[in-house]
Amino acid sequence: MSRLRQMLAVTDMGLRSIPARLGTSLAVVIGVAAVVAVLVAALAVAESFAGAAAKTGDPKRAIVLNGDTEADSGFSRENALAILNSAQAVGSAEVLEFVSLVDQHSGLNAYTTIRGVGNQVLVLRPELRLVEGRMFKRGAREVIVGRAVQHRLAGLQVGSIITLPNGDWKVVGAFESGGDSHESEVLADAETLLNAYHRNEFNSVTVGLRNSDDFTRFNTSLSANPTLSVKAHREPEYFATMSKAVSELLITIAYGIGSIMALGAVFTALNTMYSAVSTRAIEIATLRAMGFGAAPVVVSVLAEALALGLLGAALGSGIAWLLLNGATMSAMTGVTPSQLTFHLVVGPMQMLIGSAFAAAIVITGGLLAAIRAAGIPVAAALRMT
Amino acid sequence: MMGYLSLMWAGLWRKPLRTLLTIVSLTVGFFLFGLLQGVNSAFDTALTRSRVDRLLIGPRFDTPLPVSYFERIKQVAGVAEVTWTGFLRGSYQDPKQGVLVITTEPRSFFSVRHEYLTSPAQLAALTRTRTGLIVLDNMARRFGWKVGDRITVSNSIPRKDGTSDWPFDIVGILTDPSNPGQIDFAVGNFDYLNEGRAQDAGTVTRYVIRVGDPRRSAATAHAIDAAFANSAAPTLSQAENEFAGRDLATIGDVGRLTVAVIIAISFALLFLTGNVVLQSVRERTAEFAVLKTIGYRDRQVMTLVVLEALALCLTGALLGLGLAGMAFPSLGRSMTSVSAWLGSRSLSWSVLAAGLGCALILTGLSAALPVWNARRLNVIDALRTRA
């Protein structure tokens, strides 16, 4: 009991004297804050991205490809028809091309996908709702654009013209689809797009399934057809796989940079805590002379370090939250060269990881200083006066 | 000077542990700075090399573009340099041996197309010689041409004199090391073509421009097309290497990300060193008072403080950047997904220079407050506190 009281008393003394050592303490707080801000921000980007990518896709739809990604995949009209027939349901044979545009805010180059779709697309993707203008006409050089990409890139308002390498196309409508990756695309009639680009290969076929069990039947009938060498994927699985590589890269970068910065901050913490211990040397020696044990001294140094570290963590998380939470970002899905637009959420999980990093930094730094504090030779320290 | 150094040295090692820890923190900070800035600059090198900084401007419809657009294109925001070309296609000796001569304004052409290498003397010869021709090395080998030869491109654009033969004098050879499989071509003077041809006088095949910032080339392309949208000959501006541009966009805005992290690091380092210098000066208030008493001027005391800060920052920067230079090549190897976009495998000198520049700024900022304190130091008060 008295041991605990000793600890509390020494810790309290230490914490109260922080304002007297404001400068050194601030160095730790800012150092830790920088680490935490970078880490929290990078993790938030990675996780918000993965979350948004996961939204794309309906388990009751399947996408058929003969390559790893839609962009790599390509098959003939006959194959596309055979796939649509196997599905015995609604489907859309689709074509991908690219549009070079300009980012509305930064003025940087931006690319988005123009997706040629079949005429059943609105039945196939009921989440796709026209919110402005009208649907494109078959055979006309007309497109509809997703709200997300419309907000992000310049020159996509209804009525404007977009220039593709083969000529000018008119934007006649805008659609929403619940913030999934298709909302970052431009849609047009597949046949018109094929003609315009002098192509006759489709990139993918998306079909509706009657229920999720139907997938097995559909897959079997595809493999039974000797003219086809294609693979069907459930939509959510496909989009999750595609975005995984990107979010893993982001997480690796976050921890990589975060760890190096943390290493630097450990030395800052060590510096600060050593200096705190040496300014308090006489005080600590006096306490030891009065009969206080080594443990309360160690605890008090660690508690002080932890207090500074958590303050830094709160500051860093706060900065990351202020700068990023609710902001819109766009990143590559890995699926196509078009960017997925998503909203950033700086959540408690990232802040917790950031705080754990902060705690690890200051405890590593504080522990060495604490050991030194406990080992202060009482007589010598007191003689220094 | 020696006096300063030994005083500085003594100051630094007054608390050796503090100095060492500070230097290690600075080293880690500059290490990260070096890596991030290195990625950034290697990326820029790749940008330049991949020709995403160039736009080709041709006619949107069938109306060829007049040569007079040159001045207006030059005014468009984002355009760094403009050249224009007039293609002259024909054959050499045998009608089946096709030849392409790109006529242009040679100086701007070789500057915009910086991957085509020729000597300044040969370039000057081309500018001087109306009928001059600089030939791609492969093409010269194929036809056995050498400097000084006079050759004739036949079956080409009709001339005012009724023939369709264009004699040229070979004045130089050009190489394109970046593209060994380059299709054969030669470079001639636009004026020679323009004044000699029977039709289409005053029009170009296309303009080639170099943009200042490759990441903003699309905006420049749009601006050029908008400027000529309502004229008799509307333009169609496109990136020369759209594929590379797309790959580039896939990786995103590397610069902005690295800058954000670098700002965070700089803040932390500034507080760290600023505080260390401040603390060390404060502890030595009495020593500085003694120095002033024995005749040191304010300036000399200030110099001492700045030198100490400089020694800390420079040591940290040199160690950190040195480590980054050693680690950078393996970073490129380990990150296979982006390494194709790192234009250089080693840390460039400009990154080291930028790092040292940052170290100097850091020195200035962190020494500012302590210097101010040391200046205001009242000798008598300072000495009295000691007693």
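A crossing counts as right-handed if the near helix is turned clockwise from the far one by less than a right angle, and left-handed if anticlockwise. Everything below comes from a predicted model, where local features need pLDDT of at least 70, side-chain atom pairs count only at pLDDT 80 or more, and totals for chains, interfaces and linings use all residues. Residues are numbered from 1 along each chain as its sequence is written, with chains lettered from A in the order in which they are written.

**View 1. Helix α8(A) crosses helix α11(A).** The crossing is right-handed. The axes of α8(A) and α11(A), residues 348–374, come within 8 Å and cross at roughly 35° (axes are lines fitted to C-alpha atoms over the stretch in contact, and angles run from 0 to 180 degrees between N-to-C directions). Helices here are DSSP runs of H or I, at least four residues, and strands are runs of E, at least two, numbered from the N terminus. On the α8(A) side look for residues including G258(A), A262(A), L270(A) and Y274(A); these face a set in α11(A) with F357(A), I361(A) and R372(A) among them. This contact divides into 14 nonpolar, four polar and one charged (Ala, Val, Leu, Ile, Met, Phe, Trp, Tyr, Cys and Pro are nonpolar, Asp, Glu, Lys and Arg charged, the others, Gly among them, polar).

**View 2. Helix α2(A) also meets α11(A).** Here the axes come within 9 Å and cross at roughly 150°, again in a right-handed crossing. Among the residues involved are V28(A), L39(A) and E47(A) of α2(A), plus Q350(A), F357(A) and I361(A) of α11(A). By class there are 14 nonpolar, two polar and one charged.

**View 3. Chain A touches chain B.** The contact takes 34 residues from chain A and 36 from chain B, with two residues in contact if their C-beta atoms, placed from the backbone, lie within 7 Å. On the chain A side, α2 (22–55), β2 (91–102), β3 (109–117), α8 (235–279) and β11 (328–332) each give two or more residues. The largest share, twelve residues, comes from α8(A). You'll find 24 nonpolar, ten polar and no charged residues on that side.

**View 4. Chain B and its two domains.** An automatic or database assignment gives domain 1 (2–49 + 251–386) and domain 2 (54–240). Their C-alpha centres lie 50 Å apart. Chain B has 15 helices and eleven strands. Its C-alpha atoms fill a box of roughly 105 × 45 × 45 Å, taken along the principal axes.
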